[in-house]
Amino acid sequence: MPFARLATATTPTCHIGLGLAAVGRPGYINLGRKDDLGANRSVEALRTRTHELLDAAYFQGVRYFDAARSYGRSEEFLADWLNARPDIDDVVIGSKWGYTYTAAWTTDAEKHEVKDHSVGTYDRQRRETAELLGDHLDLYQIHSVTPDSPALTDKELHARLAEAAAADGISIGFSTSGPAQADAIRAALEVTVDGDPLFRTVQSTYNVLETSAAPALAEAHDAGLTVIVKEGMANGRLADPYAPDALKAVAAETSLGCDAVALALVLRQPWAGVVLSGAATTNQLASNLHAAVVDLDDDQLARLAELAEEPQVYWEKRGSLPWH
């Protein structure tokens, strides 16, 4: 397992990863994006920003970096950064397939990404990822599995993924989305090839507002999977100035940002292996990394627990966020 490399890491931030969804393409659904990125969202501007974030993250102890075929040019930007730093050999690199980026570097496309979990899409995107990341790739994940995804039942796809794991030395994982994440996780835990579990990691949404996947993620952890948590900031809903008053109050008590408190709540879950920062600026990243030193007491945890929404409500709100 590539994440075994993190077992000997001693920095408090080694279990915080950097996701590149917010900087690999000009449009995304995070709140506050206008202030974060400004007007210049050219390929080169975002390449430079991504490299600055990767440098800052690595310097501060982050060792997992997460991209996807649908995150615009995230794999390309990450590959450029890795190839320019051949001395870096202690990172874990993950990417995802299953969505195709279709926005053509615009922020107002009718469709920004198209989902397809077929074998044909896997074969094409695996070649595309290999051309960019090559031997750097440690983890390849099916992007946004839901209970009705054919990726859970397609035996040919399962065999293809198992072959890639054996031949290329990569781990196979999956990410989840939607109000039925727990059902998707439990279904994926049952997928085997020649009697062996196919998946070694699961990446799911979990945050102060959306906690429904927690029991299934604990089951995945107990089954030996590494749990990666995404959207710990709820696409900006838990950051200043958008954070709920209760979160702002707890943040004031800790003298740290709402973002650090929100991510600290995730980090303290016993099943959480890696928690992703989706920072778009180096200042955001630095603030996110303070999560590793936040200590929350029982009263603060109880107040934060009251913020949880019903899954259907949470995902309806997420689905209504505009692409900026």
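**Around strand β7**

A: Let's start with a pair of residues facing each other: Leu139 stands opposite Ser171 in β7. Before going on, note that this is a predicted model, where local features need pLDDT of at least 70 and side-chain atom pairs count only at pLDDT 80 or more, while totals for chains, interfaces and linings use all residues. Residues are numbered from 1 along each chain as its sequence is written, and side-chain values use heavy atoms, with hydrogens and water left out.

Strands (E, at least two residues) and helices (H or I, at least four) are DSSP runs, numbered from the N terminus. Two strands pair if DSSP finds at least two bridges between them. Strand β6 (residues 139-145) and β7 are joined by five bridges, in the parallel sense. Both belong to a closed barrel of eight strands with parallel pairing, in the order β1-β2-β3-β6-β7-β10-β11-β12. From one strand to the next, the twist averages 25 degrees, with angles taken from 0 to 180 degrees between the N-to-C directions of axes, which are lines fitted to C-alpha atoms (for helices, over the stretch in contact).

Now step off the end of β7. Ser177 is in the loop between β7 (171-176) and α6 (181-189). Is Ser177 buried or exposed? Ser177 counts as buried because its relative accessibility is 15%; buried means under 20% relative accessible area, exposed over 50%, and partly exposed in between (1.4 Å probe, protein chains only). And what does Ser177 touch? Leaving aside residues up to four places away in sequence, Ser177 touches Ser144, Val145, Thr146, Lys230 and Trp315, where contact means heavy atoms within 4.5 Å.
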